[in-house]
Amino acid sequence: MLTIFHHPFCPHSRYIRLALAEYGLEYRTIEERVWERRQEFLMMNPAATTPGLVAEGYPPVPGAAVITEFIDEVQGPHLQERLLPEEPGHRVEVRRLAAWFNEKFFTEVSGPLVLERFYKRLMRIEQGGGPPDTDAIRAARINVRYHIAYIGWLVRTRDWLAGDQMSLADLTAAAHLSTVDYLGDVPWTEDEVSKNWYARVKSRPSFRPLLAETWPGLAPAPTYADLDF
């Protein structure tokens with residue numbers, strides 16, 4: 001049995017959960033609040049970031065990018081359709097876009113919004129909690145617009161973000177967007193193509209557990225779980 005150390009609102013954790021579900025792998029989850037810097041978790045991942053994966057017979061696997069590569073190496077050869085394509089050129093594009101959302105989108109949009117609007121509610125002052133930074137929230141809400149436009153541009157030229165079939169690129173983007181969408185901060189009316197792409201990913205069975213999760217005291221946006229939003 002695989003074990004994922006995660007936080008339900010961590011977009012990188014959501015990405016791994018989507019990938020595992022798409023591969024049909026069973027796993028259990030342990031909630032990890034990284035700001036508490038739990039010693040046992042730091043021994044597994046000194047970077048103190050989620051997610052972390054524990055698989056029997058292997059060393060701990062830290063971080064979303066390393067975990068997805070590990071999963072593909074172990075499970076990919078046994079599948080008809082891989083989330084990381086076999087052709088090297090296609091793999092480059094999938095990796096490029098996965099990094100775009102895991103790094104750039106996270107830095108500019110999902111990271112600040114989740115931190116300021118959600119994590120700070122759970123953190124003590126000495127852990128970095130306190131009132132939200134309204135300037136950071138405002139900047140993230142502006143930044144999400146060009147990312148949505150970029151998704152729309154990609155999907156206008158391809159069936160999926162990285163090519164003709166769904167890949168890790170789509171799961172990465174959708175995972176990060178799901179946290180922003182929960183908060184009601186995605187301007188879907190600005191790009192119908194990107195909205196339709198997200199609806200396709202959101203309608204997959206792998207997405208259902210994410211849409212069913214809510215957090216006490218922070219209700220999701222009205223259309224968050226709506227497949228026809």
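1. Leu177 in this predicted model is in contact with Phe105, Ile148, Ile151, Val186, Trp188, Trp197 and Tyr198, leaving aside its neighbours within four places in sequence.

2. The largest nonpolar core has 67 residues, and those touching the most other members are Leu161, Leu177 and Trp197. At least two residues of this core are supplied by each of strand 1 (2–6), helix 1 (11–22), helix 3 (64–75), helix 4 (88–122), helix 5 (134–157), helix 6, helix 7 (192–202) and helix 8 (208–212). Helix 4 gives the largest share, 10 residues.

3. Helix 6 covers residues 168–182. Because 15 of its 15 residues are buried, helix 6 is largely enclosed by the rest of the structure.

4. The length of helix 6 agrees with expectation: at 1.5 Å a residue, its 15 residues should span 21 Å, and its end C-alpha atoms are 21 Å apart. Gly184, which follows helix 6, has a positive phi, near 80°.

5. The open sheet is formed by 4 strands in the order 2-1-3-4, with mixed pairing. Strand 2 (27–31) and strand 4 (61–62) are at the edges and have a single partner strand each, so one side of each is left without a neighbour in the sheet.

6. Strand 1 and strand 3 (residues 52–54) run antiparallel and are joined by 3 bridges. Within this pairing, Ile4 has Leu53 of strand 3 as its bridge partner.

7. Helix 1 lies across strand 1 and strand 2, and runs at about 160° to strand 1.

Methods
Residues numbered from 1 in each chain as written. Predicted model: local features only at pLDDT ≥ 70, side-chain atom pairs only at ≥ 80, totals over all residues. Heavy atoms only, no water. Expected span 1.5 Å × (residues − 1). Buried < 20%, exposed > 50% of the residue type's maximum accessible area, 1.4 Å probe, protein only. Core = buried A, V, L, I, M, F, W, Y, C linked by side-chain atoms within 4.5 Å. Contact = heavy atoms within 4.5 Å. Pairing = 2+ DSSP bridges. Axes fitted to C-alpha atoms, helices over the stretch in contact; angles between N-to-C directions.
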